[in-house]
Amino acid sequence: MLNRRGPTRPGEKSPSYWGPPAPRCYNWFDVDLLKNAISSIKVGVEDSQSTEHERLLSAVRNIYAGILLLYKEKLRRLSPPNSDEALLKAIILPRLDADGKVIFMGRGRKTVDVQQMKERFASLGIATDWGRFDRISGVRNDLEHYYANVSEAQLRGLISDAFVLVRDFVVSQLDEDPRALLGEDAWQEMLAVSEVFEKERRECQELLESIEWASDALCRGVLSLACENCGSPLLRAGPAAAAQQDEVGLECRACGEREERESFVPRAIASALENELYLSHSDGNETPYVACPECSVEAYVIEEGRCALCGHEADHSCSSCGGNIPPEELDSSPLCGWCAHMMSKDD
Ligand SMILES: [Zn+2]
Ligand SMILES: [Zn+2]
Ligand SMILES: [Zn+2]
């Protein structure tokens with residue numbers, strides 16, 4: 001195979017073992033990330049006024065892309081000079097500079113993904129509202145993976161999230177004036193949507209928080225749910241008279257859809273314990289919730305030792321050998337899987 005790097009000319013540094021640097025035209029240094037971020041968000045806000053399906057999809061994509069670019073701009077600014085924009089790159093490698101000191105360089109063209117951004121923000125102490133970001137990226141993922149329609153209610157929620165997030169991040173992390181960056185029209189548009197929306201959201205959340213939920217995970221999860229029918233996060237507890245959690249259903253303020261406990265409780269548990277479930281797969285941690293041995297709904301929270309839907313409390317130690325019953329074997333409680341297996345053989 002041809003050596004595409006060619007010979008080292010006199011005075012030129014020999015290429016390192018990991019190959020030549022990316023071509024100049026791909027360097028993030030040359031791209032005005034902030035300008036692109038803002039224009040992407042503005043196009044998104046403009047598209048969101050449309051009634052055409054394609055333009056609504058484009059609104060979601062543009063707003064999401066714009067926020068990622070804002071985050072990248074922060075990482076670009078924090079990257080040490082002459083590090084090839086190290087913090088923006090998916091791969092960072094140590095190398096020795098001319099004085100034999102270790103420096104960290106970005107490698108290749110691949111830039112950070114969302115998970116890496118979260119890790120770098122955390123270790124660099126960069127604050128942003130990941131809750132709002134995750135809601136926006138959730139809508140965007142739904143649209144990319146299924147041919148789903150994006151409802152007006154969903155878009156309003158997304159724009160409101162984007163507005164609050166952009167405003168706070170631009171001011172606190174980039175030291176810029178968001179109003180000047182976005183321009184008066186887009187600023188006013190987002191502000192109007194956001195003010196109405198955030199007020200409604202607060203009212204809905206206060207109603208949900210006033211319920212005496214018997215499970216902490218359920219209480220947290222229910223606040224993060226969106227309507228199954230239209231995607232709006234404006235869910236409130238209904239009927240208004242029910243203050244006890246076992247009578248409470250959810251009602252969507254945007255489309256009026258009602259959702260009963262059998263449906264929203266497992267959704268809320270899955271949402272609240274999403275991270276724990278991920279860690280149980282990746283790090284081998286204990287499974288956070290399982291199907292309830294009593295009602296069979298995926299709402300049995302291991303840490304709480306109780307089903308968030310029917311309230312059933314299973315025995316977690318085996319009545320035969322006394323051992324702890326792991327979550328996966330809870331359906332054979334009060335016996336562990338092994339003892340249940342042995343007894344079924346005896347029959
Ligand atoms: Zn709805
Ligand atoms: Zn149950
Ligand atoms: Zn046993």
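**A walk through the model**

Q: Which residues is Ser 50 in contact with, leaving aside its neighbours within four places in sequence?
A: Contact here means heavy atoms within 4.5 Å. Once neighbours within four places in sequence are set aside, the partners of Ser 50 are Arg 55 and Leu 56.

Q: What pLDDT do local features need in this predicted model?
A: Residues are numbered from 1 along each chain as its sequence is written, chains are lettered from A and ligands numbered from 1 in the order in which they are written, and side-chain values use heavy atoms, leaving out hydrogens and water. Because this is a predicted model, totals for chains, interfaces and linings use all residues, side-chain atom pairs count only at pLDDT 80 or more, and local features need a pLDDT of at least 70.

Q: How many helices and strands does the chain have?
A: Helices (H or I, at least four residues) and strands (E, at least two) are DSSP runs, numbered from the N terminus. By that count, the chain has eleven helices and eight strands.

Q: Is Ser 50 buried or exposed?
A: Ser 50 sits in the loop between helix 1 (33-47) and helix 2. Buried means under 20% relative accessible area, exposed over 50%, and partly exposed in between (1.4 Å probe, protein chains only). Ser 50 has a relative accessible area of 13%, so it is buried.

Q: Which residue makes a polar contact of 2.8 Å with the side chain of Arg 55?
A: Arg 55 belongs to helix 2 and is partly exposed, at 32% relative accessibility. Beyond four places in sequence, it touches Glu 46, Asp 47 and Ser 50. A polar contact is a pair of N or O atoms within 3.5 Å; within protein, one must be able to donate a hydrogen and the other to accept it, and residues adjacent in sequence count only if both atoms are side-chain atoms. The side chain that joins Arg 55 in this way, at 2.8 Å, is that of Asp 47.

Q: Where does Glu 73 find its side-chain polar contact of 3.1 Å?
A: Glu 73 is part of helix 2 (residues 53-78), and with a relative accessible area of 4% it is buried. Not counting residues up to four places away in sequence, Glu 73 touches Leu 33, Leu 34 and Leu 174. The polar contact of 3.1 Å is with the side chain of Arg 76.

Q: What separates the C-alpha atoms of Tyr 64 and Phe 133?
A: Tyr 64 is in helix 2 and counts as buried, at 9% relative accessibility. Phe 133 is among the residues that Tyr 64 touches, along with Val 114, Ile 136, Ser 137 and Arg 140. Although Tyr 64 and Phe 133 are 69 residues apart along the chain, their C-alpha atoms are separated by 8.4 Å.

Q: What is the phi of Glu 85?
A: Most residues other than glycine have a negative phi, and most peptide bonds are trans. Glu 85, in the loop between helix 2 and strand 1, is buried at 10% relative accessibility. Its phi is positive, near 55 degrees.

Q: How much space lies in the largest pocket?
A: On a 1 Å grid over the protein atoms alone, a cavity is a set of points where a 1.4 Å probe fits but cannot get out, and a pocket is an open set with protein on both sides within 12 Å along at least five of seven lines; lining residues have an atom within 4 Å of a point. Grid points are joined across faces, edges and corners, and a volume is the space filled by probe spheres set on the points. For the largest pocket, that space is about 1500 Å³.

Q: Which helix gives the most to the lining of the largest pocket?
A: Of the 42 lining residues, those closest to the centre are Asp 134, Arg 135, Gly 138, Ser 271 and Glu 274. With twelve lining residues, the leading contributor is helix 4.

Q: Which domains does the largest pocket lie between?
A: Domain bounds come from an automatic or database domain assignment. Both domains give residues to the lining, so the pocket lies between domain 1 (24-206) and domain 2 (210-314).
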